[in-house]
Amino acid sequence: MSDLRLFNSLTRQLEEFQPVHAGEARVYSCGPTVYNYPHIGNMRAYVFADVLGRTLSFKGYKLTHVINITDVGHLTDDADAGEDKMEKMAAQNAQSIWDIAKHYTEAYWADVKALNIRQPAQWTIATDFVPQMIEFAQSIAEKHCYELDSGLYFDVSTVADYGRLARAQTEEGEGRIETVEGKRNAADFAIWRKTPPGEKRQMEWDSPWGRGAPGWHLECSVMSGQVLGFPFDIHTGGIDHREIHHPNEIAQNQAFCCTNGLDRAANSGANIWMHNNFLVERSGKMSKSSGEFLRLQLLIDKGYHPLAYRMLCLQAHYRSELEFSWEGLGAALVRLKRLLMAVEQVKARHAELGSASIVPGETAEWTLKQVQGDVGGKFQPFVTRFDEAVSEDLNTAIALTVLEEVVGLKKVDLGEKLALIAAMDAVLGLGLLDLNRTDLRLRPKAATITEGEIEATLAARKEARAAKDFATSDRLRDELAERGVEVMDGDPLGWDWRLGE
């Protein structure tokens with residue numbers, strides 16, 4: 001078994017995973033602010049965190065994964081400035097903020113399910129933890145905070161090594177920090193925001209500093225510490241959190257735990273901080289202010305199965321920028337289709353031979369030790385290479401190629417082959433034993449032809465071919481192509497949607 005090595009953003013190096021509690025892995029992931037639909041770039045963070053969790057399970061750890069839902073406190077500028085995103089959306093839509101939160105939380109959870117992301121041990125909802133947030137703030141206020149008319153602020157000069165995670169506050173970063181009269185340091189941030197005199201928020205609570213709401217940074221410190229305990233093993237998030245949000249979390253954790261500098265990672269509240277890089281999209285449709293931004297439902301409406309996007313994410317290392325294009329998504333869908341076709345053939349051949357059921361392989365939580373015991377010597381080199389790939393900072397791109405090699409193996413025990421495919425897919429999460437290729441054939445929203453019309457045209461084309469009327473056959477094929485249907489002669493599926501941007 002290879003040692004699991006992960007890149008720690010705090011130390012900027014690969015480190016061997018050493019759990020705080022033997023045999024356990026406790027992970028906290030920064031979840032969404034539920035003021036709008038998540039775009040596909042947002043969802044890359046949860047695919048990455050899901051692969052991390054699946055890998056920890058594969059390596060035999062008992063996983064406790066927590067993802068939060070931010071329904072209060074996140075301002076329109078991540079650097080602690082502007083309006084509360086939730087309050088702003090509720091005002092724009094003339095809706096209750098609670099209804100806004102419910103709608104977009106459920107939309108996010110639908111995307112989580114569509115991408116085959118496993119459910120965490122717990123979803124922590126920010127508004128469920130406000131009393132604990134007030135207690136946390138009270139415990140650090142005397143030594144680390146000061147009060148202004150606008151709220152309670154954290155003095156970053158009171159903790160050692162502030163900003164080490166971001167390495168330095170660049171001039172650009174400093175420009176993103178709110179200028180508030182009376183702040184002692186430019187980087188100081190609000191952990192409790194008072195409701196301005198004469199105003200009333202939809203979400204506000206009484207506190208020792210007046211009626212108001214908690215700050216976004218405070219929320220994650222409280223929820224992670226309450227559920228997982230300090231220090232826990234791994235904290236994940238998008239790379240955009242590395243510059244301000246997570247350094248502020250760390251400062252609060254240091255204050256709460258009465259720890260010193262960050263030469264010892266555990267003083268930050270987590271032993272390892274991990275960040276996925278951006279999804280880059282050149283047309284500008286990633287921004288939620290662009291109107292029809294790139295969310296998962298848009299991909300589905302165009303006929304792309306959501307697991308094609310998961311495949312796209314797996315093809316790149318999580319710390320690399322990933323460029324999105326419709327061509328790239330289409331290629332990922334084709335790769336997934338080919339894998340499913342091959343696995344379907346293995347399953348069919350396995351069933352023909354009357355072998356034992358593979359249902360346990362579809363549903364069980366596979367560990368490395370289990371799969372090493374369930375497959376013979378011919379498969380062991382592939383087990384080793386797959387384990388090496390995912391153990392070296394979650395190198396899913398290499399792990400995918402090893403899986404494809406296993407799927408293509410000839411003259412091997414089919415039961416063992418399916419067991420190994422199931423174990424590898426338990427890490428990658430592509431649903432290879434649960435889906436079939438027709439599941440990937442999603443009707444584009446813009447398609448005007450019905451499946452009944454397609455089948456009738458194909459039947460007429462078959463008759464024309466039997467009568468050697470190839471002119472009619474070609475004409476019917478071209479008519480289908482013009483209406484967005486690709487005819488696939490010799491393929492058992494027969495036809496598929498012709499996808500485009």
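Visitor: In which loop is Leu394 found?

Guide: In this predicted model, Leu394 has a positive phi of about 60°, although it is not a glycine. Its relative accessibility is 2%, so Leu394 counts as buried. The residue is found in the loop between α13 and α14.

Visitor: What is the phi of Asp393?

Guide: Asp393 has its place in the loop between α13 and α14 (396–407). With a relative accessibility of 2%, under the 20% limit, Asp393 counts as buried. Asp393 is not a glycine, yet its phi is positive, at about 60°.

Visitor: Which residue does a cis peptide bond join to Phe230?

Guide: The omega of this bond is about -15°.

Visitor: Which residues do ring pairs link into a cluster with Phe230?

Guide: A search of the whole structure finds 17 aromatic pairs. Ring pairs link Phe230 into a cluster with Tyr28, Phe136, Phe232 and Phe256.

Visitor: How many residues apart are Phe58 and Phe386?

Guide: These two rings form an edge-to-face pair, 5.9 Å centre to centre with 85° between the planes. The pair links distant parts of the chain, with Phe58 in helix α1 (residues 40–58) and Phe386 in helix α13 (residues 380–391). Phe58 and Phe386 are both buried.

Visitor: Why is the pair of Trp495 and Trp497 edge-to-face?

Guide: Trp495 is buried at 1% relative accessibility, and Trp497 is buried with a relative accessible area of 4%. The ring centres are 5.3 Å apart, within the 6.5 Å limit for a pair. An angle over 60 degrees counts as edge-to-face, and the planes of these rings stand at 85°.

Visitor: Over the face of which ring does Arg319 lie?

Guide: A charge over a ring must be within 6 Å of the ring centre. Lys302 lies over the face of Trp326 at 5.4 Å from the ring centre. For Arg319 the distance is 4.1 Å, and the ring is that of Phe7.

Visitor: Is Ala126 buried or exposed?

Guide: Ala126 lies in the loop between β7 (122–125) and α4 (130–144). Beyond its neighbours within four places in sequence, its contacts include Ile69, Thr70, Met133 and Glu219. At 0% relative accessibility, Ala126 counts as buried.

Terms used. Residues numbered from 1 in each chain as written. Predicted model: local features only at pLDDT ≥ 70, side-chain atom pairs only at ≥ 80, totals over all residues. Heavy atoms only, no water. Phe/Tyr/Trp six-rings, centres within 6.5 Å; stacked < 30°, edge-to-face > 60°. Helix = DSSP H or I, 4+ residues; strand = E, 2+ residues; numbered from the N terminus. Buried < 20%, exposed > 50% of the residue type's maximum accessible area, 1.4 Å probe, protein only. Lys NZ or Arg CZ within 6 Å of the ring centre and 35° of its normal. Contact = heavy atoms within 4.5 Å.
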